[in-house]
Amino acid sequence: APFCKASLVSAWKIVWRDSSQTASPNAGVPMSAMAGALQVELEKVNHYQLGKGLASPKTSDLQTSRKILFACVALSALAFTLYSVF
(Lines give C-alpha, C1' and ligand atoms only; values in the text may rest on other atoms or scores of the structure.)
Protein backbone atom coordinates (compact mmCIF):
# COMPACT_ATOMS: atom_id res chain seq x y z
CA ALA A 1 0.00 0.00 0.00
CA PRO A 2 2.69 2.61 0.78
CA PHE A 3 4.19 2.52 -2.73
CA CYS A 4 0.71 3.13 -4.14
CA LYS A 5 0.21 6.28 -2.03
CA ALA A 6 -2.18 4.37 0.22
CA SER A 7 -2.25 3.99 3.99
CA LEU A 8 -1.15 0.60 5.31
CA VAL A 9 -1.88 1.63 8.91
CA SER A 10 -5.39 2.83 8.08
CA ALA A 11 -6.06 -0.34 6.06
CA TRP A 12 -5.07 -2.50 9.03
CA LYS A 13 -7.22 -0.51 11.48
CA ILE A 14 -10.30 -0.56 9.26
CA VAL A 15 -9.95 -4.31 8.60
CA TRP A 16 -9.95 -5.03 12.32
CA ARG A 17 -12.81 -2.63 12.99
CA ASP A 18 -15.14 -3.17 10.02
CA SER A 19 -14.46 -6.48 8.26
CA SER A 20 -17.19 -8.34 10.16
CA GLN A 21 -19.92 -5.94 9.02
CA THR A 22 -20.55 -7.61 5.66
CA ALA A 23 -22.74 -10.68 5.24
CA SER A 24 -19.80 -12.58 3.76
CA PRO A 25 -16.64 -12.79 5.88
CA ASN A 26 -14.65 -13.39 2.70
CA ALA A 27 -15.83 -10.09 1.22
CA GLY A 28 -15.43 -8.03 4.38
CA VAL A 29 -11.67 -8.31 4.69
CA PRO A 30 -10.61 -7.14 1.20
CA MET A 31 -13.31 -4.46 0.98
CA SER A 32 -12.51 -3.00 4.39
CA ALA A 33 -8.78 -3.18 3.63
CA MET A 34 -9.32 -1.20 0.43
CA ALA A 35 -11.53 1.33 2.23
CA GLY A 36 -8.82 1.84 4.81
CA ALA A 37 -5.97 1.96 2.30
CA LEU A 38 -7.79 4.61 0.27
CA GLN A 39 -9.07 6.30 3.45
CA VAL A 40 -12.62 6.39 2.11
CA GLU A 41 -15.99 5.17 3.32
CA LEU A 42 -17.58 2.37 1.33
CA GLU A 43 -21.25 1.84 2.02
CA LYS A 44 -24.06 -0.43 0.94
CA VAL A 45 -27.12 1.42 2.21
CA ASN A 46 -28.90 -0.44 5.02
CA HIS A 47 -26.21 -3.15 5.03
CA TYR A 48 -22.73 -1.92 5.99
CA GLN A 49 -20.40 1.07 6.22
CA LEU A 50 -16.72 0.27 5.85
CA GLY A 51 -14.42 3.09 6.91
CA LYS A 52 -17.27 4.99 8.56
CA GLY A 53 -16.35 8.62 9.07
CA LEU A 54 -13.70 8.71 6.34
CA ALA A 55 -13.95 10.75 3.14
CA SER A 56 -16.28 9.95 0.27
CA PRO A 57 -14.62 8.13 -2.65
CA LYS A 58 -13.42 10.23 -5.61
CA THR A 59 -12.82 9.21 -9.18
CA SER A 60 -9.06 9.39 -8.59
CA ASP A 61 -9.41 6.62 -5.97
CA LEU A 62 -10.17 4.19 -8.80
CA GLN A 63 -6.66 4.63 -10.20
CA THR A 64 -5.11 4.13 -6.77
CA SER A 65 -7.21 1.02 -6.16
CA ARG A 66 -6.04 -0.43 -9.48
CA LYS A 67 -2.42 0.18 -8.48
CA ILE A 68 -3.02 -1.62 -5.19
CA LEU A 69 -4.69 -4.53 -7.03
CA PHE A 70 -1.84 -4.87 -9.53
CA ALA A 71 0.76 -4.69 -6.73
CA CYS A 72 -1.05 -7.46 -4.83
CA VAL A 73 -1.24 -9.64 -7.93
CA ALA A 74 2.46 -9.09 -8.68
CA LEU A 75 3.52 -9.85 -5.10
CA SER A 76 1.34 -12.98 -5.04
CA ALA A 77 2.79 -14.20 -8.33
CA LEU A 78 6.31 -13.60 -7.02
CA ALA A 79 5.54 -15.47 -3.78
CA PHE A 80 4.05 -18.46 -5.61
CA THR A 81 6.97 -18.53 -8.05
CA LEU A 82 9.52 -18.47 -5.24
CA TYR A 83 7.57 -21.11 -3.34
CA SER A 84 7.51 -23.45 -6.35
CA VAL A 85 11.24 -23.00 -6.99
CA PHE A 86 12.32 -23.65 -3.42
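A residue counts as buried when its relative accessible area is under 20%. The legends below describe a predicted model.

**View 1. Ser 7, in the segment that precedes helix H1.** Ser 7 has a relative accessible area of 16% and is therefore buried. Its side chain reaches the backbone nitrogen of Ser 10 at 3.0 Å.

**View 2. The aromatic pair of Trp 12 and Trp 16.** The structure holds 1 aromatic pair. An α-helix has 3.6 residues a turn, so residues three or four places apart point the same way. Trp 12 counts as exposed because its relative accessibility is 57%. Trp 16 is exposed too, with a relative accessible area of 64%.

**View 3. Helix H2 (residues 25-38) along its length.** H2 has 14 residues and spans 20 Å from its first C-alpha to its last, close to the 20 Å expected at 1.5 Å a residue. Just after H2, Gln 39 takes a positive phi of about 55°.

**View 4. The buried residues of H2 and what they pack against.** Gly 28, Ser 32, Ala 35, Gly 36, Ala 37 and Leu 38 are the buried residues of H2. Their packing partners are H1, strand E1 (42-44), strand E2 (48-50) and helix H3 (60-85).

Note on methods: Residues are numbered from 1 along each chain as its sequence is written. This is a predicted model: local features need pLDDT of at least 70, side-chain atom pairs count only at pLDDT 80 or more; totals for chains, interfaces and linings use all residues. Side-chain values use heavy atoms; hydrogens and water are left out. Rings of Phe, Tyr and Trp (its six-membered ring) pair if their centres lie within 6.5 Å; planes under 30 degrees apart count as stacked, over 60 as edge-to-face and the rest as tilted. Buried means under 20% relative accessible area, exposed over 50%, partly exposed in between (1.4 Å probe, protein chains only). Helices (H or I, at least four residues) and strands (E, at least two) are DSSP runs, numbered from the N terminus. A polar contact is a pair of N or O atoms within 3.5 Å; within protein, one must be able to donate a hydrogen and the other to accept it, and residues adjacent in sequence count only if both atoms are side-chain atoms. The expected span of a helix is 1.5 Å times one less than its number of residues. Contact means heavy atoms within 4.5 Å.
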